[in-house]
Amino acid sequence: MQFHLPKKSHDSWVLGIVPGILVFLSSVAECGTEIPLKSFDYAAINCRKQCVLLTDFGGIGDRKTSNTKAFKAAIDHLKQFAYDGGGMLIVPPGRWLTGSFNLTSHFTLYIHKDAVSLGSQEESDYPRIPPLPSYGKGRDGGGRFSSLIVGTNLVDVVLTGGNGTINGQGRVWGDKFKQKKLEDTRPYLIEMLFCDRIQISNLTLIDSPSWNIHPVYCRSVIIQGMTIIAPVTVPNTDGIDPDSCANMKIEDCYIVSGDDCIAVKSGWDQYGVSYGVPTVGLVIRRLTCISPDSAAIALGSEMSSGISNVRAEDIVAKNTQSGVRIKTGVGRGGYVRDIYTRNMTMKTMMYVFSMTGNYGSHPDDGWDRNALPRISNINYRDVVAENVTYSARLDGISGGKFTGICISDVKIGLTEKPKKPQWNCSNVEGVTSNVNPESCDLLPPSKAPLRCAFPEYRIPIENLKLKICSYRGSASNKTM
């Protein structure tokens, strides 16, 4: 089963998913191999009938031997079981060097707790691919290098493990980027395109060349229990970037990043407007973020197909530039609306609240100077912060005000030498309630006590119940 999302769409396309598809009962299923490996259980959207180890296909975990062919051979072998219980590839203990490889449907990639998948540092191990249709060119410029792990037009895919590690070995890429030696955009660690029912969980990602996890044009996505560590001095090492996706949940992640920990996107300028696939229906909860130069959660700056119905709760940000930030600018078009945030705890922040309407960078000279983004119904409540330099910097666009901003129940503790004024506001309008320090004149206190909105109804992905799956090392149910 394969599908392509439509080029033209609306916020409602996620509602076309049959709710019953996403509701799975918890159960136990087993697979095993002949090679001794300690038994383990794991949670997944689906269990697999067939299991193989990377070593079955010539894999050598000595950190020096390339395993790209072994990954490809193993996955090609498991394709035959797509409609016969599915297949799981286990990366056993060792250090497994590899270049880019593609996944398949009805498939699980399981990285053992003592396994490290090492991204090759050779450009030749990452095929060059065209820019995304909603971007027009690679985000660094030019085309793109393929990501380390790629899935395209797939359904029912699980990337998980016992907190096993994927190390992108990105330093060489970062050095080339800073020295302007790359014509194309650096590879990401994981990119899923045009996929349905995806789970990425219980892994550690370190030292990505650029973005870490990039689901784009996908629906029904779960990302949970991830640890993502990127050098804070390397730009564009975003943690998780949902991009033109629908019906998605991100939970229980710890991210250290040189850019936004989570950046919600939907296309770039005229290309995003034309492609027309928004990000809609996203839940982010229990995120811990460290990002000295960026945001815990950013909306944009590439948001030209639109972003709506995003909910973030129970967020912790430490030593981070800003909390939930809206980034956009003239030429973006599109919209950011119906954004809801509650229960945020912050420590050592430049800004608690941040919005900017003057974000630059365009794919080419074809961007529309009259395309103004529409920003509305933005809600924050129950925020506690300490050691803060500025409470807020909220800059809308002249002729395109950011409207419907609601901020309630906020207590901000300042640094020993806070800046003045604490609230910097222009071209915004809205209301506040029980906010300290007191907000700017453009966001006056409400006449009566007010609690900013946060929806209580669930989006479909929240009804999914993961199955409990088992691997039994003593079993022998491979089919070679």
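Trainee: Where is the place of Pro421?

Mentor: Pro421 belongs to the loop that runs between strand E29 (402-414) and strand E30 (423-426). Keep in mind that this is a predicted model.

Trainee: What makes the peptide bond from Lys420 to Pro421 worth a look?

Mentor: That bond is cis, and its omega is near -5 degrees. Another cis peptide bond joins Gly300 and Ser301, with omega of about 5 degrees. Ser301 lies in the loop between strand E24 (295-299) and strand E25 (307-320).

Trainee: Why is Asn153 called buried?

Mentor: Buried means under 20% relative accessible area. Asn153 has 11%, so Asn153 counts as buried.

Trainee: What is the phi of Asn153?

Mentor: Its phi is positive, about 55 degrees, although Asn153 is not a glycine. You will find Asn153 in the loop between strand E12 (149-152) and strand E13 (155-161). Asp409 also has a positive phi, near 55 degrees, and is a residue other than glycine; Asp409 is found in strand E29.

Trainee: Which residues line the largest cavity?

Mentor: Among them are Leu132, Tyr135, Lys137, Gly138 and Trp211. The lining divides into four nonpolar, one polar and three charged residues.

Trainee: How do you know what lines the largest pocket?

Mentor: Its lining residues divide into two nonpolar, three polar and eight charged. The pocket has a volume of about 160 Å³. Of the 13 residues that line the pocket, those closest to its centre are Arg139, Asn236, Asp259, Lys265 and Glu302.

Notes: Residues numbered from 1 in each chain as written. Predicted model: local features only at pLDDT ≥ 70, side-chain atom pairs only at ≥ 80, totals over all residues. Heavy atoms only, no water. 1 Å grid on protein atoms, 1.4 Å probe; cavity = no way out; pocket = protein on both sides within 12 Å on 5 of 7 lines; lining within 4 Å. Nonpolar A, V, L, I, M, F, W, Y, C, P; charged D, E, K, R; others polar. Points joined across faces, edges and corners; volume = space filled by probe spheres on them. Helix = DSSP H or I, 4+ residues; strand = E, 2+ residues; numbered from the N terminus. Buried < 20%, exposed > 50% of the residue type's maximum accessible area, 1.4 Å probe, protein only.
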